[in-house]
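Let us learn to read a model feature by feature. Please look at the sequence and the structure first.

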Amino acid sequence: IISNFWTIKEKQSHSFAIKKLLRVRDLAYPWIKIKIRDGRSTRFWTDNWSSFGNIRELLRLPSSSALGIRPTSTLHDIHRNGVWLIPAPRSDVQVEIHAFLTTITLNIDEDSDHAQNLSESLRCTTLGLKETAGFTDDATALRTLSRSWRRQ
């Protein structure tokens, strides 16, 4: 249920750890890609399921606009009998999204969609107390940690 992670608002009642995670989620977003199978758990607007990333941000849509697609719609919700149920494109970027959607085949017989950690093909170098002591904020910490990963 990674979808909620991208949309949840920070609350006073959240634990320290949850607040820290929510504050660095924009830095974590590119690291977590959704592998689409049946499309039932992948949100069209906010999940990282395409090469475009967050579709709402890509289209620079105000929160009041969703092109007729509910904010919580999944890929499965906007797909019927091999047809994508989205409005006709009105910009070059929307044409690109339409074209990308034609490359996706949802398979209701497969397991649910799942998040893939892009670091699975990476290995981590050791970070000790010395390296982590200088973290001044959440963004610095995540940048430092991400630099510690190297492609195999």
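**Reading the features**

At 24% relative accessibility, F100 counts as partly exposed, where buried means under 20% relative accessible area, exposed over 50%, and partly exposed in between (1.4 Å probe, protein chains only).

Q: What kind of model is this, and how are residues numbered?
A: This is a predicted model; local features need pLDDT of at least 70, side-chain atom pairs count only at pLDDT 80 or more, and totals for chains, interfaces and linings use all residues. Residues are numbered from 1 along each chain as its sequence is written, and side-chain values use heavy atoms, with hydrogens and water left out.

Q: How many helices and strands are in the chain?
A: Helices (H or I, at least four residues) and strands (E, at least two) are DSSP runs, numbered from the N terminus. In this chain there are 7 helices and 6 strands. Their order from the N terminus is α-α-α-β-α-β-β-α-β-β-α-α-β.

Q: Where is F100, and which residues is F100 in contact with beyond its neighbours within four places in sequence?
A: Contact means heavy atoms within 4.5 Å. F100 sits in helix α5. Leaving aside neighbours within four places in sequence, F100 is in contact with W49, S50, S51 and F52. Take S51: its C-alpha lies 8.7 Å from that of F100, and the two are 49 residues apart along the chain.

Q: What share of the contacts in the chain with a separation of 6 or more comes from residues 24 or more positions apart?
A: The share is 62%. Two pairs show how sequence and space can be read together. D38 and N107 are 69 residues apart in sequence, with 4.8 Å from C-alpha to C-alpha. S41 and S112 are 71 residues apart along the chain, and their C-alpha atoms are separated by 6.9 Å.

Q: Where does S41 lie, and how accessible is S41?
A: S41 is in the loop between β1 and α4. Its relative accessibility is 34%, so S41 counts as partly exposed.

Q: Is D38 buried or exposed?
A: D38 is buried, with a relative accessible area of 5%. Across the chain, buried residues make up 34% of the 152 residues. D38 is placed in the loop between β1 (32-35) and α4.

Q: Which residues have the most contacts inside the largest nonpolar core?
A: A nonpolar core is a set of buried Ala, Val, Leu, Ile, Met, Phe, Trp, Tyr and Cys residues joined through side-chain atoms within 4.5 Å. The largest one has 18 residues, and those with the most contacts inside it are F44, W45, W49, I55, W84, L101 and I104. The elements that give two or more residues to this core are α4 and α5. Look at I55: leaving aside neighbours within four places in sequence, I55 is in contact with F44, W45, W49, S50 and I97.

Q: Which residues other than glycine have a positive phi, R60 and N81 being the cases to read?A: Phi of R60 is near 55 degrees, a positive value in a residue other than glycine. R60 lies in the loop between α4 and β2 (79-80) and is exposed, with a relative accessible area of 74%. N81 has a positive phi of about 50 degrees and is not a glycine either. N81 is in the loop between β2 and β3 (83-84). Its relative accessible area is 80%, so N81 is exposed.

Q: How many cavities of 30 Å³ or more are counted, and how much space lies in the largest?
A: On a 1 Å grid over the protein atoms alone, a cavity is a set of points where a 1.4 Å probe fits but cannot get out; lining residues have an atom within 4 Å of a point. Grid points are joined across faces, edges and corners, and a volume is the space filled by probe spheres set on the points. The count is 1 cavity of 30 Å³ or more. About 90 Å³ of space lies in the largest cavity. Its lining includes F44, I55, L59, I97 and H98.

Methods
1 Å grid on protein atoms, 1.4 Å probe; cavity = no way out; pocket = protein on both sides within 12 Å on 5 of 7 lines; lining within 4 Å.
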